[in-house]
Amino acid sequence: MFHSLPIDSFVCQTTHCPDFQQSGRQNVKFRKFYGPQKRRLLRCRTCDTEFSETRGTPYWGSKLAPAQIDNIIDHLTHGTCFSSTAALTDCHRTTAAQFTRLAGVHLQRFHDLHSFVGEKVEQAWDFTVVNPRSKFVIKGQVGARTADLTGVLLSEARDRLADPQNLVLFTDGYLPYQSLFPELFGSAWQPPRQGKRGRFPRRTYRISRRTAHVRIIKEYSGKRGLTWP
Ligand SMILES: [Zn+2]
């Protein structure tokens, strides 16, 4: 069943790699088949590590056959309790419980990092604005990562906030945030022109003292040395 997945749908599973769980980087290559089930061993060209195609999934490291794991997860996702799932799929109750956790972790990771639309051809970002205190999702968007869609997400999030003048926004190093933040959360200000003739200088945006934008940029050097400037 694993062979149906194309190589470029896999992502690096090595946590210190700059391409860790990043899709669309063309860094994962086929290395060889291994083991009795002829699973594929993959190699990441960025960090030069090898990993199984099942790494990071509930199939990894399990002695059960993939079909039996599918069967267990199928029962659990349809609301069958642990003991009934165990009886129907010929496994132990604790095994059924363990797969609930493994599948849950795998899906959460998949959801957090990336999602695909259509035929897995077009990569899409899952943008979310979350209130860190309440964990409420303020706004979400899915689509290609462009300045336009980022602008839509931020302006919709701003409209949903009771006080958009009193916030700290944390983002990653995606550049459009830099210009969008003052435009959407600041107030427009027209600088006066020099003298009485000529053009007015370009409009700028002022940010209130209670509002701030923090960009968190992770830097890697080789396999280690992660810094958060
Ligand atoms: Zn890697």
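This is a predicted model: local features need pLDDT of at least 70, side-chain atom pairs count only at pLDDT 80 or more; totals for chains, interfaces and linings use all residues.

Trainee: How many helices and strands does the chain have?
Mentor: There are five helices and twelve strands in the chain.

Trainee: And what share of the residues is buried?
Mentor: Of the 229 residues in the chain, 30% are buried. The accessible surface comes to about 15,400 Å², and carbon and sulfur atoms hold 53% of that surface.

Trainee: Where in the chain do Cys12 and Cys44 sit?
Mentor: Cys12 is in the segment before β1 (28–34), whereas Cys44 is in strand β2 (residues 39–44). The two are 32 residues apart, and the pair links distant parts of the chain.

Trainee: Are those two buried or exposed?
Mentor: Cys12 is buried, because its relative accessible area is 0%, under the 20% cut-off. Cys44 also counts as buried, at 0% relative accessibility.

Trainee: Now the nonpolar core. Which residues touch the most other members of the largest one?
Mentor: Leu154, Leu169 and Phe185 do, in a core of 15 residues. Elements that each supply at least two residues of this core are β5 (122–130), α4 (147–160) and α5 (176–185). The largest share, five residues, comes from α5.

Trainee: What does Leu169 touch?
Mentor: Leaving aside residues up to four places away in sequence, Leu169 touches Leu154, Phe181, Phe185, Ala212, His213 and Val214.

Trainee: What about contacts over the whole chain, then: what part comes from residues 24 or more positions apart?
Mentor: Such residues account for 40% of the contacts with a separation of 6 or more.

Trainee: Changing topic to charges: how many salt bridges are there in the whole structure?
Mentor: A search finds nine. In general, side chains of opposite charge can pair when their charged atoms come close.

Trainee: Which residue does Arg25 pair with?
Mentor: Arg25 pairs with Asp19, and their side chains meet at 2.4 Å, N to O. Arg25 is partly exposed, at 42% relative accessibility, whereas Asp19 is buried, with a relative accessible area of 8%.

Trainee: And which residue does Lys139 form a salt bridge with?
Mentor: Its partner is Glu156, with the closest N and O atoms 3.8 Å apart. Lys139 lies in strand β6 (residues 137–143) and Glu156 in helix α4, so the pair ties together parts that are 17 residues apart in sequence. Lys139 is partly exposed at 26% relative accessibility, and Glu156 is partly exposed at 28%.

Trainee: How far apart are the closest N and O atoms of Arg158 and Asp159?
Mentor: They are 3.3 Å apart, and the two residues form a salt bridge. Arg158 counts as partly exposed at 24% relative accessibility, while Asp159 counts as exposed at 57%.

Trainee: Which residues are linked in a network of salt bridges?
Mentor: Arg31, Arg43, Asp48 and Glu50 are linked in this way.

Trainee: Back to Gln26. What is its phi?
Mentor: Gln26 has a positive phi of about 60 degrees, although it is not a glycine. Most residues other than glycine have a negative phi. Gln26 is exposed, because its relative accessible area is 53%, over the 50% cut-off.

Trainee: And what is the phi of Lys38?
Mentor: Lys38, which is not a glycine, has a positive phi of about 50 degrees. Lys38 is placed in the loop between β1 and β2.

Terms used
Residues are numbered from 1 along each chain as its sequence is written. Side-chain values use heavy atoms; hydrogens and water are left out. Helices (H or I, at least four residues) and strands (E, at least two) are DSSP runs, numbered from the N terminus. Buried means under 20% relative accessible area, exposed over 50%, partly exposed in between (1.4 Å probe, protein chains only). A nonpolar core is a set of buried Ala, Val, Leu, Ile, Met, Phe, Trp, Tyr and Cys residues joined through side-chain atoms within 4.5 Å. Contact means heavy atoms within 4.5 Å. Accessible areas come from the Shrake-Rupley method with a 1.4 Å probe; for residues, only the protein chains shown count as cover. A salt bridge is a side-chain nitrogen of Lys or Arg within 4 Å of a carboxyl oxygen of Asp or Glu.
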